[in-house]
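Here are my notes on the model you sent over.

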Amino acid sequence: MAKTESILQLTAKAPSRGPDKLNSPDQRYLSELGQVVRAFRQRRKVSRKALSESSGVSQRFIAQLEAGEGNISIMRLKSIADVLGVPLEAIIALRDEEEVADA
């Protein structure tokens, strides 16, 4: 994959959800995790519908996840990562695939 904007650079451009949504480290992590999933999905030009159909995770839950409102199980997240062709470790660590491979 060509070096373009990193996942963290893309997520930094995401709209803020307001201070009430970022009131704890756990909530901040879920918000960043959702932004990373969205960035990978958009980078691969996969619609929520296609991701849902291939992963078995509902479109509604994918939308909640991407909005930082869904606390996803590791197995559901693995299904999403598999469909997107992204190492699960990259999503969990909030990193690009190259950063995880180099570690």
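**Notes on the predicted model**

1. Let me start with a salt bridge: Arg38 pairs with Glu66, and their closest N and O atoms are 3.7 Å apart. This pair ties together distant parts of the chain, with Arg38 in helix α2 and Glu66 in helix α4, 28 residues apart. Both Arg38 and Glu66 are buried. Keep in mind throughout that this is a predicted model.

2. Glu66 has another partner. The side chains of Arg41 and Glu66 also meet in a salt bridge, at 2.6 Å from N to O. Here too the link is between distant parts of the chain: Arg41 sits in helix α2 and Glu66 in helix α4, 25 residues apart. Arg41 is buried, as is Glu66.

3. For the overall picture, the chain has seven helices and zero strands, so the pattern along the sequence reads α-α-α-α-α-α-α. Of its 103 residues, 37% count as buried. If you look at contacts between residues at least 6 apart in sequence, 62% of them join residues at least 24 apart. The chain exposes about 6,000 Å², and carbon and sulfur atoms supply 52% of that area.

4. Have a look at how α3 and α4 pack. Their axes come within 9 Å and cross at roughly 115°, and the crossing is right-handed. On the α3 side the contacts are made by Arg48, Lys49, Leu51, Ser52 and Ser55. They meet Gln59, Ile62, Ala63 and Glu66 in α4.

5. How many salt bridges does a search of the whole structure find? The count is four. One of them joins Lys78 to Asp82, with the closest N and O atoms 2.9 Å apart. Lys78 and Asp82 are four residues apart in helix α5, so about one helical turn separates them. Lys78 is partly exposed, with a relative accessible area of 34%, and Asp82 is partly exposed too, at 49%. Elsewhere, salt bridges that share partners join Arg38, Arg41, Arg48 and Glu66 into one network.

6. The C-alpha atoms of Glu89 and Lys78 are separated by 9.3 Å, and the two residues are eleven apart along the chain. Glu89 counts as partly exposed because its relative accessible area is 49%, which falls between the 20% and 50% cut-offs.

7. Two backbone angles deserve a check. Most residues other than glycine have a negative phi. Lys45 is not a glycine, yet its phi is positive, about 55°. Lys45 lies in the loop between α2 and α3, and it is exposed, with a relative accessible area of 74%. Leu94 also has a positive phi, near 60°, and is not a glycine either. Is Leu94 buried or exposed? Leu94 is found in the loop between α6 and α7, and it counts as buried because its relative accessibility is 8%, under the 20% cut-off.

8. Finally, the surface. Which residues make the nonpolar surface patch of about 370 Å²? They are Tyr29, Ile74, Met75 and Ile92. Met75 belongs to helix α5, which covers residues 74-84. Met75 counts as exposed because its relative accessible area is 56%, over the 50% cut-off.

Note on methods
Residues numbered from 1 in each chain as written. Predicted model: local features only at pLDDT ≥ 70, side-chain atom pairs only at ≥ 80, totals over all residues. Heavy atoms only, no water. Patch = residues over 30% accessible without salt bridge, like charges linked within 9 Å, V, L, I, M, F, W, Y side chains within 5 Å. Areas by Shrake-Rupley, 256 points an atom, 1.4 Å probe, with all protein chains shown as cover. Helix = DSSP H or I, 4+ residues; strand = E, 2+ residues; numbered from the N terminus. Buried < 20%, exposed > 50% of the residue type's maximum accessible area, 1.4 Å probe, protein only. Contact = heavy atoms within 4.5 Å. Axes fitted to C-alpha atoms, helices over the stretch in contact; angles between N-to-C directions. Left-handed = near helix turned anticlockwise from the far one by under 90°.
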